[in-house]
Amino acid sequence: MRRGLLIVISGPSGVGKDTLIRRLLELDPNLVYSVSGTTRKPRPGEKPDENYSFLTRDRFEELVRDGAFLEHATYNGHLYGTFRDRVERARAEGRDVVLKIDVQGAEQVRRLVPDAISIFVIAPSQHELEERQERRGSESAEDLASRREIAKREMEYAPEYEHVVTNDDIERAVGEILRIIDGARQRVT
Ligand code: 5GP
């Protein structure tokens, strides 16, 4: 059995990564999402161990010391990390693993896993991105402002990714990502 691929998806807050990933998983049964750990509080409707494993800072730091994370980073004052064992288990079973991680995490993964596929998702325009961020409405005004600042900085990292996909239309963008993944599958088989 071939070892599963590692697919890194990054992009500014509000660009629609969650919706894209949900649709990717619906359309491609060989894909699996690796649920990350975080110290941020759950948003309304978020489920533990489905959206994130919600951890205390102490527990997160303990896991860092134990080497439990493939990568981890601080984003907007909270810690986020990819569980090494979740990724390894799925890849060993031949599943292609999707990570939704920030630009710092992606940099670590590219270094550790040079054959990882990296995809940066952008909005059709800055105006559209800001509208989407506001429409989400799940963050405080302060949180929204700092996420916007981070998003501007994150955009500068787009050229470091192998692929940049514009989320102008969800089905079109999902189709483009599925073609990227299929191309990588063909190269490894
Ligand atoms: P949010 O709080 O909006 O769910 O996520 C904030 C940022 O953290 C997003 O850019 C998201 O991709 C990133 N993120 C989520 N999980 C991880 C992770 O495990 N590692 C890293 N480095 N970033 C993550």
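Modeller: Setting aside neighbours within four places in sequence, S118 is in contact with V8, R110, E160, Y161, E162 and H163, and, like everything that follows, this is read from a predicted model. S118 belongs to strand β8, which covers residues 117-122, and it counts as buried because its relative accessibility is 3%, where the cut-off is under 20%.

Beyond its neighbours within four places in sequence, S13 is in contact with Y75, L129, Q133, R136, R147, A151 and E154, and its side chain makes a polar contact of 3.2 Å with the side chain of R147. Between the C-alpha atoms of S13 and S125, which are 112 residues apart along the chain, the separation is 14 Å.

R147 also takes part in the contact between helices α5 and α6, in which Q126, L129, E130, Q133, E134 and R136 of α5 meet L144, R147, R148, A151 and K152 of α6. The residues of this contact comprise 3 nonpolar, 2 polar and 6 charged. The axes of α5 (residues 126-136) and α6 (residues 141-155) come within 11 Å and cross at roughly 150 degrees, and therefore α5 is roughly antiparallel to α6. The crossing of α5 past α6 is right-handed.

Conventions:
Residues numbered from 1 in each chain as written. Predicted model: local features only at pLDDT ≥ 70, side-chain atom pairs only at ≥ 80, totals over all residues. Heavy atoms only, no water. Axes fitted to C-alpha atoms, helices over the stretch in contact; angles between N-to-C directions. Helix = DSSP H or I, 4+ residues; strand = E, 2+ residues; numbered from the N terminus. Parallel < 35°, antiparallel > 145°, perpendicular 65-115°, else oblique. Left-handed = near helix turned anticlockwise from the far one by under 90°. Contact = heavy atoms within 4.5 Å. Nonpolar A, V, L, I, M, F, W, Y, C, P; charged D, E, K, R; others polar. Buried < 20%, exposed > 50% of the residue type's maximum accessible area, 1.4 Å probe, protein only. Polar contact = N/O pair within 3.5 Å; in protein donor to acceptor, adjacent residues only side chain to side chain.
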